[in-house]
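This briefing is meant for a reader new to the structure. Please look at the sequence and the model before reading the points below.

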Amino acid sequence: MTIGVLCSGRLGLHVLRQLFKRRNVIFVCTDKESFEIKNFCLHNKVPVFVGNPRKGRAFSFLKDFKIEVLISVNYLFLIEEDLINVPEKMAFNIHGSLLPKYRGRTPHVWAIINNEKETGITAHKIEAGCDTGAVLEQIVVPISKTDTGASILNKYELLYFPLIEEV
């Protein structure tokens, strides 16, 4: 299976490393601040687009790559239809909440702030809206009284790749 990956930050790097070991990663898109992702791609000779993908910038980079699946993990940008339509089979995102609750950035923190008893991760199809696509799978993660945003992310780090494999 050929895969394109949109990823940012520590969670994105963690998943990218695992995907690279087990799947055929054809390209990566990331942001300017994700230095470790950029270095990983350079070291492993994976073509990488760095920066804001909107207005066709990423599409002009990856339009000639043939992929079956596009996976987004902790990616900083909303994904426009030109990228959504690139894969032959599906484009999906891993989101850090139990959608439809807490769309957008840092959803695990909002779950803690709002005294939720649980949060989780959702695999969903990517649509042009923000975290609005059909839910494919979810994993519930309990929130303890001592949890912080960082501790929830540590829990997520163990769950993201298995959820991707499930999808």
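Leaving aside residues up to four places away in sequence, V73 touches L6, C7, S8, L11, G12, V15, N93, I94, Y160 and I164. The model is predicted.

- V73 belongs to strand β4, which spans residues 69–73.
- V73 counts as buried because its relative accessibility is 0%, and the cut-off for buried is under 20%.
- Between V73 and H95 the C-alpha to C-alpha distance is 7.4 Å, although the two are 22 residues apart in sequence.

**Strand β1**
- Strand β1 is mostly covered, with 6 of its 6 residues buried.
- Both faces of β1 are covered: I3, V5 and C7 are buried on one side, and T2, G4 and L6 on the other.
- With β4, strand β1 pairs in the parallel sense over 5 bridges, and V5 stands opposite I71 in β4.
- With β2, strand β1 also pairs in the parallel sense, over 5 bridges, and here T2 stands opposite N24.
- A right-handed β-α-β unit is made by β1, α1 and β2.

**Helix α2**
- Helix α2 runs over residues 35–44, and its buried residues are I37, F40 and C41.
- These residues lie on the same side of α2 because they cover an arc of only 95° around the axis.
- The cover over the buried residues of α2 includes β1 (2–7), α1 (9–22), β2 (24–30) and β3 (48–50).
- Exposed residues E36, L42 and H43 sit on the face of α2 turned away from its buried side.

Definitions and conventions
Residues are numbered from 1 along each chain as its sequence is written. This is a predicted model: local features need pLDDT of at least 70, side-chain atom pairs count only at pLDDT 80 or more; totals for chains, interfaces and linings use all residues. Side-chain values use heavy atoms; hydrogens and water are left out. Buried means under 20% relative accessible area, exposed over 50%, partly exposed in between (1.4 Å probe, protein chains only). Helices (H or I, at least four residues) and strands (E, at least two) are DSSP runs, numbered from the N terminus. The arc is that of the directions from the helix axis to the C-beta atoms. Contact means heavy atoms within 4.5 Å. Two strands pair if DSSP finds at least two bridges between them. A crossover is right-handed if, with the strands pointing away from the viewer, the path from the first strand over the helix to the second runs clockwise.
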